[in-house]
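Look at the sequence and the model below.

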Amino acid sequence: MCGIVGYVGPQDAAPILLEGLGRLEYRGYDSAGVALSSKGALKVRKVSGRVADLAAELPARFKGSPGIGHTRWATHGEPNEVNAHPQLDAAGRIAVVHNGIIENADELRAKLTADGVEFVSQTDTEVVAHLVAAAFAAGAGDLEQAVRQALRQVVGAYGLAVLDAEYPDRIVIARNGSPVLLGIGEKEMFVASDVAALIGYTRQVVYLDDGELATITAGGYRTYTLDDRSTAKSPSTIDWDVVGAEIGDHAHYLIKEIQEQPRTIERALKGRIDERFETAHLGGLNLSVREAREVKRVKILGCGSACYAGELGAQLIEDLARVPASAEAASEFRYRNPVVEPDTLYVAVSQSGETIDTLAAVQELQRKGGRVIGIVNVVGSTIARQVDGGIYLHAGPEMSVAATKSFTSTVAAFALLALHLGRMRDLSPEQGRRIIAGLTALPGQITEIIERSEMIAGVAAEIAQSRSVMFVGRRRGWPVAREGAQKLKEISYVHAEAYPSAELKHGPLALISPEMPTVAIVPDDDLLDKNTSTLSEIKARKGPVIAVAHRELPAELADRTLVIPKNEPELDPILMSIPLQILAYHAAVVLERDVDKPRNLAKSVTVE
């Protein structure tokens with residue numbers, strides 16, 4: 001969950017590394033560092049803190065090329081300058097930046113210590129630097145051979161880049177379970193753990209697969225395996241633009257991304273609506289009509305917000321396609337022995353396409369012969385390349401740690417999938433038209449909600465004073481409540497938990513008091529009476545109620561109502577999630593939290 005950037009070419013590397021690290025800071029931000037090759041030696045600067053702190057520490061003459069940089073989310077060792085990357089060998093000749101976890105680091109550390117190596121950090125990464133140095137001492141002929149020899153001893157996940165002062169024309173890169181890619185420039189080359197770092201420099205990238213290494217020089221690149229067999233890797237073109245990754249005149253990336261949702265929903269739908277047959281066109285599924293009709297069950301896997309979007313997706317598929325569907329946390333799925341059925345369609349959901357728990361679940365399913373499709377935002381990401389087909393969200397870069405536009409775009413993608421499967425079965429053309437009309441109305445309705453942001457901010461100021469908040473909902477409102485609680489807790493640090501409304505009286509009602517507000521999802525549907533009954537139970541116990549509803553609720557049911565436009569019942573959850581995003585954002589602002597980079601979290605979870 002850290003960020004890697006590297007550069008080799010005629011330019012001074014430091015400004016390029018700092019800019020790239022700034023774009024990757026959402027992947028980890030407790031420390032940062034850079035190393036440059038200059039006149040046969042390495043220049044290294046590291047700080048405990050943010051990339052801006054690192055930039056302030058660099059002296060004016062901190063110049064050189066090639067260079068590597070890193071922004072960290074701590075796994076081994078507390079966040080401090082010593083544990084920050086790059087990590088060096090004892091001679092200060094070898095510098096390594098690393099994402100992932102080396103599982104046999106303790107064993108390797110003990111062996112190296114017995115050989116006389118003195119460690120200065122608590123990190124597993126320092127082990128790699130010393131292993132590379134040991135390989136040279138044992139007779140490795142060049143940097144590539146030394147890195148290969150070192151990595152043959154390593155067990156675990158890594159995406160890493162190695163810089164050697166005695167090989168000032170190159171950087172060696174390796175991948176196993178943690179993403180890393182190459183960027184191709186004009187007589188210059190880049191390396192990064194995320195395409196966001198390369199925006200503005202190149203659109204041509206090469207994705208490394210697990211078990212691959214690469215050497216980059218100003219003149220190009222070579223990819224190969226641990227046993228030095230060459231691999232043929234063709235460049236891909238990325239379609240993200242620099243504007244999408246810039247904050248512009250917004251106070252935070254999070255509010256920018258919330259406000260982008262009308263456009264991101266439009267992009268998710270673009271080219272996928274088939275009005276002639278009242279269905280969705282999803283050619284990327286790689287699923288024939290016959291294969292789709294043979295699907296007897298759908299199982300959705302994701303983590304965090306992706307899992308909650310999957311819960312809504314499961315309901316959409318059951319409602320529209322009449323196929324049994326369920327969602328499960330991928331992090332739990334991978335550790336049990338699941339029954340993999342040949343007539344089940346598995347759907348992996350991941351904004352980054354690199355979520356390690358979801359990727360492991362995909363690999364386990366495929367090992368057992370399961371058919372897996374993906375719903376992913378990042379083109380060319382590991383999960384996108386691993387699955388048998390899928391749907392790209394095209395939401396553009398999501399720089400804030402909290403998911404917003406990727407969440408709503410994912411639910412929209414599930415609506416398209418449900419429509420696609422439904423029209424192959426018993427969903428009538430009239431019902432298909434109804435869903436299509438609802439989908440096309442979403443951007444305008446989301447705009448209406450965003451325009452009410454200031455009113456929601458007033459409610460958020462009240463919520464921010466609470467120690468704990470309850471979120472409740474029924475049926476489709478239950479995953480919306482879970483997502484709303486997640487947003488509030490992760491960016492404002494106000495404790496929040498979600499329950500199905502009907503479960504309140506089975507225990508959680510004991511928590512209701514004047515000091516604990518409840519945010520209730522109350523759509524104007526066939527469960528309205530049930531939902532208002534729940535509100536009455538809460539109010540009878542003097543619990544404050546904030547309702548998200550399609551019309552103003554009376555004061556005896558809700559203290560405040562966040563009124564939203566009504567769409568089709570199956571699509572209302574998309575709209576009902578928007579005010580909860582805005583609510584969490586403004587609560588975090590009131591509490592002066594670091595909105596885009598909440599403590600202890602990182603965007604792309606690539607380690608366990």
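The side chains of Glu-188 and Tyr-7 are joined by a polar contact of 2.6 Å; such a contact is a pair of N or O atoms within 3.5 Å, one able to donate a hydrogen and the other to accept it, and residues adjacent in sequence count only if both atoms are side-chain atoms. This is a predicted model, in which local features need pLDDT of at least 70 and side-chain atom pairs count only at pLDDT 80 or more, while totals for chains, interfaces and linings use all residues. Residues are numbered from 1 along each chain as its sequence is written, and side-chain values use heavy atoms, leaving out hydrogens and water.

Glu-188 is buried but has no salt bridge, and Lys-187, the nearest side chain of opposite charge, is 11 Å away. Buried means under 20% relative accessible area, with exposed over 50% and partly exposed in between (1.4 Å probe, protein chains only). A salt bridge needs a side-chain nitrogen of Lys or Arg within 4 Å of a carboxyl oxygen of Asp or Glu.

The largest nonpolar core has 87 residues, of which Ile-317, Leu-417 and Phe-471 touch the most other members. A core is a set of buried Ala, Val, Leu, Ile, Met, Phe, Trp, Tyr and Cys residues joined through side-chain atoms within 4.5 Å. A second, separate core has 29 residues, among them Ile-94 and Ala-174.

The count of disulfides is zero, a disulfide being a pair of cysteine sulfur atoms within 2.5 Å. Cys-2 cannot form one because its sulfur is 18 Å from the closest cysteine sulfur, in Cys-303. For Cys-307 the closest cysteine sulfur is also in Cys-303, at 7.3 Å, too far for a bond.

Methods
Lys and Arg count as positive and Asp and Glu as negative; His and the chain ends are not counted.
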